[in-house]
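User: I'm new to this one. Can you walk me through it?
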Amino acid sequence: MQINTNHQIDPISAAQQKTEKSLSPTQLAMRRFIKNKLAISGVIILGFIVFIAVFADVLATHEPTAYDMYNIESKVSSENWLGTDSSGRDNFSRLVHGSRISLTIGFFAMLFTVVIGVILGSLSGYYGGKIDSLIMRITDLMLILPFLLLVLTIIAILEKISILIFITIIALTTWPNLTRIIRATFLSLREKEFILGAKSVGASDIRIIFKHFLPNAVGPIIVNATLMMATMIIIESALSFIGFGIPQPTPTWGNMITEATNLRMLENNWEAWLPPGLAILFTVLSINFIGDGLRDAFDPKSN
Amino acid sequence: MKITKSWFLIALAIMFVFTLTACGGNNEDASADNSEEVTNEGTNENSDNEGENDEVEVEENTDSDETNENNEENADNEGNDGEAQAGGMITAGMYSAPGHQFNPIFYTDAYDANILDFTHEALVRQNESLEYVPHLAKEWEIDDDYTSITYYLNEGVKWHDGEEFTANDVYFTFASIADPDYIAAGGVRTEYVNKLVGYEDYVAGEADELVGIEVEDDYTVTFHFEEANITALYNTSFPIIPAHVFDEVAVADIPDHDASSRGGEVIGTGPYQLTEYIEGEQYVLTAHTDYWGGSPYLEGITWRVIEQSIMPGLLENGDLDMVAEPNGVPAADYERVDGLEQVNTFVTQDFGYQYMGIKHHHRTTEDVESGAINPDNWVENPKLQDERVRQAIVYALNREAMVDGLMHGMGTVLNAPFPEASWAYNADVVEQYNFDPDKANELLDEAGYEDVTGDGYREDPDGNEWTLNLDYPTGNEIRERTAPIIVDELGNVGIRVEMRNPREARAHFDLVEMDNTDWDLYLAGWSLATGDPDPFAIWETNQAYNYLRWNDETNDELIGKAVQAPEAFDQDYRTEVYYEWAQYVSEQVPQVFLYTSDNIYAYNASLKNVKELPTGIYQDSHLWYLEQ
């Protein structure tokens, strides 16, 4: 949008770009993104993890929930590449399958949150007034409540946690931040001339929101959504770690690190907790790199 | 800017991993804490690690009058190859700080017991076959109709402050427990006094004296019971507190009194006195040189509060001489500790056990709210009424593997609620239920539970969906691990089990108790006293602790028969009845007995004269000495 403005102000550069086929803002952003080495390495690592998640069934050597009570806490061997946990389940298979759960939860919890955030943020930012204050007060209320306490309470009340319920809980408790960001973006766009123009030619609210607001807010949304996915993965791991996440025996990285609560395991069985720990670290790090890269790419002021 | 940010992120991520693992270290220990509490009436759903304390005296001991053994029985001299040498201190370790209630009549914490077991003594105590033998009393007489017991006390027993121990102290101790203010002040030991003559009047404040206890002279005291009491010895086996210290103190003020909490002011008759402590860190017991059994050889015992995880290392380098109650050495560390040359280990079966409860009935919401236990109002749980189904569940579970694998072999598979040390135990009279999925399938087929829909799970005889719910608590790691395994093993024989999220132990046991729920199966444990095998408190239909809500006439009849006077004063008679009862229970499978874990004690090999008893290793600690 600002780039467009530039074109109008500076006919020479516009003419130049016309000769070499002018690039859309998205294309420009992509260019900047590809130049960002850290972001690209993030994409590669994440791609690798996604690959593992997709082909988990092929890669795993054992059934991830199959236990063997006579083979617990075993060390690295040709049979169990990363040993077994305290119930005799194969760590390698659990690690591989864990990527699936972690990414699924990360992605869908993020998606759900974005949907809620975009809807509420748009309404609030576009209409303002009473709707705005109502939504913002609810947001404030949610932000006041300590996140972890809220989630723990909800989970403690529910009898059974499935992945779907878990995603819903997380999404329903993390939407306020994104809502505020989108509202702020809308507020800054609201006073722009092209919105005024759209309104003056009688475009409907829905059309204005979808055609004029959202495309211009897509940068902040994508950046925050990406970073949020990393947060979601950490939340899942942390909750599973303290026993309030996806229940055993479902393999998740957080469930696997729980093994390290025992100092004996921590000292002797590094293979039980180090790989899932590293997996979380690299996944979250790569997503954050991508998020950072996207932020720089979408922000024309950088560089 | 970008680079700085990335480094920051990396650092943050690394910190995250380490924080997770660091928190983890404490977790095991923390879970051990919440459970060592000794609850009312002694039965305690154990919410913690394997190896429950035996602090909880729910059941009574009888083995009445034929136990007038020699009072001066010495330690069984195990490993006593040299002359006893005086001198030296030892360091003992426990995993959590005591609750600082160093008064036997008010403490509820198994960590406090580590101090009190050395500082206070009772009239009688239990020997290696769990029979009562004289201690502060030199002998006793039980009258012919079993309504009274007369103790003749040892003379010359001195309190830590030099005063003489007399029958007056005995009266004072029991009268304090019977005091109208006792329960309000936090006391939970009324089972020791509520059978005494005049208890009702005294506790109601209507009598100035507890007439059930008669002090005949300084060294003779008689307890009178309302009815024939086959557990008279157990009921009078409570540690004695000094009357001359607490005489002027109202019972309500005793828990907060200096003599109940401060080092040097806690007075007992035991071989050691608590002289000083640093709260939450260490507790110093100093030898009581005037001890009636002879001055202790050791100068003292220092209790240190240590992290469970560093315990094996401390034992190894000699910084720690003893690890015992309440959790002892974790099973997983047993091999390492046992392999240490300078350390002796002693393994004894815990009296409590772990089980999978089966809800036979549920109470109505009104009954739960009013606290009524009325079998007439109970609502039957139709899913588990067929005993063949319950038997099939036991056959389907590989309990041997749980013990040998998950517990590193430090436990025993159980089929009836008596520990091996008990005289009521007899492995031959109960059904064995070895792991046998084929047999389980057979029994289920026979009972009409067949898979008609072809989804791999059985439906009930009417062809309706048949799903059992399983609830379990957090805290006890081994128990937590068994839950998904149980679900899977039952699934293998076609029983669909819905495993619900584990609850925090306290919440779980609240729900076990308030059973207006849809529960079918649940995991839990009992922590039991060392004493009498009488299963009444947990198994009789009308008891609150009958969490199974099992309503069975034969069961009640046998339990009643076992304690019926006058036959019950003959132990052989009771043994027979308990065999019969255990057999009946093992056949009916009102609950699935899982396993009982071992208590593992470890102590320095140069510490001699340690008496290894099923009840622990603290007895006759004045005879302990360090070989130099």
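Analyst: Start with a term. Buried means under 20% relative accessible area, exposed means over 50%, and partly exposed lies in between. Also, this is a predicted model.

User: Okay, what does B:Glu580 count as, then?
Analyst: B:Glu580 has 42% relative accessibility, so it counts as partly exposed.

User: Which residue forms a salt bridge with B:Glu580?
Analyst: B:Lys561 does. The closest N and O atoms are 4.0 Å apart. The pair links distant parts of the chain, 19 residues apart. B:Lys561 sits in helix H16 (residues 553-562) of chain B, and B:Glu580 in helix H17 (residues 571-588) of chain B.

User: And B:Lys561, what does it count as?
Analyst: B:Lys561 has a relative accessible area of 31%, so it is partly exposed.

User: Which residues do salt bridges with shared partners join into one network?
Analyst: B:Asp471, B:Arg500, B:Arg503 and B:Asp518.

User: How many salt bridges are there over all chains?
Analyst: The count comes to 23.

User: Why do such pairs form at all?
Analyst: Side chains of opposite charge can pair when their charged atoms come close.

User: Switch to chain A. What does A:Arg295 pair with?
Analyst: A:Arg295 forms a salt bridge with A:Asp292. The closest N and O atoms are 4.0 Å apart.

User: Where are those two in the chain?
Analyst: Both are in helix H14 (residues 270-298) of chain A. They are three residues apart, so about one helical turn separates them.

User: Is A:Asp292 buried or exposed?
Analyst: Buried. A:Asp292 has a relative accessible area of 12%, and the cut-off for buried is under 20%. A:Arg295, at 34% relative accessibility, counts as partly exposed.

User: What about A:Arg94 and A:Asp85, how do their side chains meet?
Analyst: They meet in a salt bridge, 3.7 Å from N to O. Both A:Arg94 and A:Asp85 are buried.

User: New topic: strands. How many residues of S21 in chain B are buried?
Analyst: 14 of the 14 residues of strand S21 (residues 591-604) of chain B are buried, so S21(B) is largely enclosed by the rest of the structure.

User: Which strands pair with S21(B)?
Analyst: Strand S13 (residues 343-349) of chain B joins S21(B) through seven bridges. Strand S14 (residues 353-358) of chain B pairs with S21(B) over four bridges. Strand S17 (residues 411-413) of chain B has three bridges to S21(B). Strand S12 (residues 322-323) of chain B has two bridges to S21(B).

User: Which way does S13 run against S21(B), parallel or antiparallel?
Analyst: Antiparallel. S14 pairs with S21(B) in the antiparallel sense too. S12 runs antiparallel to S21(B), and S17 runs antiparallel to S21(B) as well.

User: Which residues stand opposite each other?
Analyst: Here is one pair for each strand. From S12, B:Met322 stands opposite B:Tyr603. From S13, B:Val347 has B:Ile600 as its bridge partner. From S14, B:Met356 stands opposite B:Val592. From S17, B:Gly411 stands opposite B:Ser597.

User: Last one, the surface. Which residues gather in the patch of negative charge?
Analyst: B:Glu155, B:Glu214, B:Glu216, B:Asp217 and B:Asp218.

User: Where does B:Glu155 lie?
Analyst: In the loop between strand S6 (148-153) and helix H3 (167-177) of chain B. B:Glu155 has 56% relative accessibility, so it counts as exposed.

Technical notes: Residues are numbered from 1 along each chain as its sequence is written. Chains are lettered from A and ligands numbered from 1 in the order in which they are written. This is a predicted model: local features need pLDDT of at least 70, side-chain atom pairs count only at pLDDT 80 or more; totals for chains, interfaces and linings use all residues. Side-chain values use heavy atoms; hydrogens and water are left out. Buried means under 20% relative accessible area, exposed over 50%, partly exposed in between (1.4 Å probe, protein chains only). Two strands pair if DSSP finds at least two bridges between them. Patches are made of residues with over 30% relative accessible area and no salt bridge: like charges are joined within 9 Å, nonpolar side chains (Val, Leu, Ile, Met, Phe, Trp, Tyr) within 5 Å. Accessible areas come from the Shrake-Rupley method with a 1.4 Å probe; for residues, only the protein chains shown count as cover. Lys and Arg count as positive and Asp and Glu as negative; His and the chain ends are not counted. The place of a charge is taken as NZ of Lys, CZ of Arg, CG of Asp or CD of Glu.
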